[in-house]
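Student: Please take one part of this model, the packing of its helices, and examine it closely. What does each helix that packs rest against?

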Amino acid sequence: MRKLRLGPARVVRSDIKNVTKQFGEDFAQTMAVKDCSFEVERGKFTVLIGPSGCGKTTLINLIAGYETPTSGEIVLDGESVAGPGRDRLVVFQETALFPWMTTINNIMYGPVVQRAREQNEIERRAHALIEMVGLGDFGDKYPIQLSGGMQRRAELARALINEPRVLLMDEPFRGLDDMTRELMQEYLLRLFEGADRTILFVTSEIDEAIFLADTLTLLSRSPAHVKSVIRVDLPRPRKLEMLTSKRYAELKNEVLSILYQEAMSAFSAGSRAAGDLVEAMNQRQPKQVKANK
Ligand SMILES: Nc1ncnc2c1ncn2[C@@H]1O[C@H](COP(=O)(O)OP(=O)(O)OP(=O)(O)O)[C@@H](O)[C@H]1O
Ligand SMILES: [Mg+2]
């Protein structure tokens, strides 16, 4: 894969400070996020992991500036976030490519409409990026002619061309088959490692979370707040073989035991779905992960 430096991630840090988000009014209120605080460090891969429906997308939308906190504050480089910005781009689970544009035009879309650079320079960067995500031969194809994994890669290139200070990714690989998902994780790591990028990535998959993260922020059940922060000290560059290492197994057990406690408390609070999760986890514990070294 060709290396391209697209300039440093200029963000120093982002702080999510005691953020609460409530939707609706009076009797139809939903508390999606409650007193949630965590930090996204510059040049690090931060992963948010939490149960389905706990408030992950709401947090991403708050940081992106698409939603406003009911209370608390989101601070980027010392400035309070007050709306969407090109410095925080989101890659969503659903494809957001324009179906009427070729892959290369989709990738160039941001800087072209913003007239951020000379056309020649935009084209040069788009071509370098399309090569980097392995779609060099698909520049003139339309999204419908690409596989799911190819669409995800095109979206990555489309986000990266804008050089966001923080790349926000909301379960971008959900729904892909296992093999494509692993490939996508490796692609993303190659794009991240060796480049000074800052990524906040949401997932509900434990293996994906540990494989990618420098910092793993575990969220509670709804309303989301931070249960635990785990430093993932696996060396970089990450390789899929690490998923069978002793350290990986220890980290996975740590994450599972926290999520297990969370599922237990959701169960005792009356959640049927959590009951199923507790039962499934009971079958996996205590030897859910076996290390080969
Ligand atoms: N615009 C909205 N209006 C009202 N309630 C909302 C809105 N957006 C989210 N919610 C509620 O907030 C809670 C958290 O939703 P959110 O989509 O953030 O969870 P999630 O963790 O991303 O879920 P999933 O794992 O399914 O992606 C849910 O109860 C949801 O119904
Ligand atoms: Mg979501």
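Tutor: Two residues are in contact if their C-beta atoms, placed from the backbone, lie within 7 Å. Helices (H or I, at least four residues) and strands (E, at least two) are DSSP runs, numbered from the N terminus. The model is predicted: local features need pLDDT of at least 70, side-chain atom pairs count only at pLDDT 80 or more, and totals for chains, interfaces and linings use all residues. Residues are numbered from 1 along each chain as written, while chains are lettered from A and ligands numbered from 1 in written order.

In H2 (residues 103-114), Thr103, Asn106, Ile107, Tyr109 and Gly110 meet Ala154, Ala157 and Arg158 of H4 (residues 148-160). This contact comprises four nonpolar residues (Ala, Val, Leu, Ile, Met, Phe, Trp, Tyr, Cys, Pro), one charged (Asp, Glu, Lys, Arg) and three polar (the others, Gly among them). The axes of H2 and H4, lines fitted to C-alpha atoms over the stretch in contact, come within 7 Å and cross at roughly 30°, on a scale from 0 to 180 degrees between N-to-C directions. H2 is therefore roughly parallel to H4 (under 35 degrees).

H1 (56-64) has a sheet as its partner. Four strands form this open sheet in the order S2-S1-S4-S5, with antiparallel pairing (at least two DSSP bridges between two strands). S1 (residues 13-23) and S2 are joined by eight bridges. H1 packs on the sheet, touching S1, S2 and S4 (71-76), and its direction makes about 120° with that of S1.

Terms used: Parallel < 35°, antiparallel > 145°, perpendicular 65-115°, else oblique.
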